[in-house]
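Subject: Structure for you to look at

Hello,

Here is the structure I promised. Please open it next to this email and follow along.

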Amino acid sequence: MPQPNLLADLNDRSREVFRRVVETYLETGEPVGSRTLTRGMAVSAATIRNVMQDLEYLGLLESPHVSAGRFPTQQGLRLFVDGLMEAGPIRPEDRAMIADMVGESGPDTGAMLDRVSTALSTLTRGASVVLMPRQEEAPLRHIEFVSLAADRALVILVFADGRVENRLFTPPPGQTPSSLREAGNFLSARAAGHTLAELRRDMGAHIAQHRRELDSLAAQLAEAGLASWDSSAPDPRLIVRGRANLLEHEAADLERIRILFDDLERKRDIARFLELAEEGDGVRIFIGSENELFSLSGSSLVVSSYMNADRKIVGAVGVIGPTRLNYGRIVPIVDYTAQLVGRVLSDRKG
């Protein structure tokens, strides 16, 4: 990581040369030579070369070989992003596309977030990642049980945001249509407006309180159905879109892209990493090896959390791409998307 005072230690000329090198590299993807920088600067190419040598000594720039131009190191990119990058407001056309995607998705939060992921990958030409809210944190609307066989049943959860999830489980022996119906009605009456975690936590107390009016078989069904949503079970919370876009960025380095594709296939690993975004509000930028998951592929991640109606962080949206991302444009896109998703969830009380 760069030293905190490194940017302050640079004089005005060094800061300007450094800024121009980074911005030109992010735009072209090519090492930047001194002659390129003389345009618009009232100094000679020799003076610029000396400044670039000093910046290279400081670890902010590097060169593929002696006679080539220079490009920012990972340390240099971090210094630029933290201290010199100007991230303006989101462009109106980008804002409109994201808003349209969200507005067309209807009441289903899963469908809305899928469209958001598609919009992000389309706008940024990177791979988009969206971490959906945990089931345990989404308010419920209705619970229903369906018998499939003597030893197999289905429990269906309908969430307040319109999302529907179901899980197979083994019911207690002797299930009947009436016990299934009674268990579903009992849970639904107590589920509305509460989360799955809250319902599971209070189930024992609910059953004890209503033991006289609740059939013992129905009580066992209710407990077994909720237990099938064990929080340790795999939860398909992650949406990834736009992998093919990554080939357009670094087609000459297919091995790095292959490694990144392998990373993206391990969705549970990505979900664990994206949960870092749930630790704080606002946009976070991980560059190259700062991102443990994608360090081998030399990729960057721009990610922001979003909140529900209770101002609780419940998920994240982000973009993955090469370290040569257009951070100044992507940061406001990710920030706006996260805020919009949060507003939609708040309106739905999700």
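Start with strand 4 and strand 5 (residues 152–159): they pair in the antiparallel sense over eight bridges. Two strands pair if DSSP finds at least two bridges between them. Strands (E, at least two residues) and helices (H or I, at least four) are DSSP runs, numbered from the N terminus. Ala 149 stands opposite Arg 152 in strand 5.

A word on the source: this is a predicted model, where local features need pLDDT of at least 70, side-chain atom pairs count only at pLDDT 80 or more, and totals for chains, interfaces and linings use all residues. Residues are numbered from 1 along each chain as its sequence is written, and side-chain values use heavy atoms, leaving out hydrogens and water.

Next, Thr 124. This residue lies in helix 7 (residues 109–124). Is Thr 124 buried or exposed? Thr 124 is buried, with a relative accessible area of 7%. Buried means under 20%, exposed over 50%, and partly exposed in between (1.4 Å probe, protein chains only).

Finally, the whole chain. The protein chain has 14 helices and 10 strands. Of its 350 residues, 49% count as buried.

Best wishes
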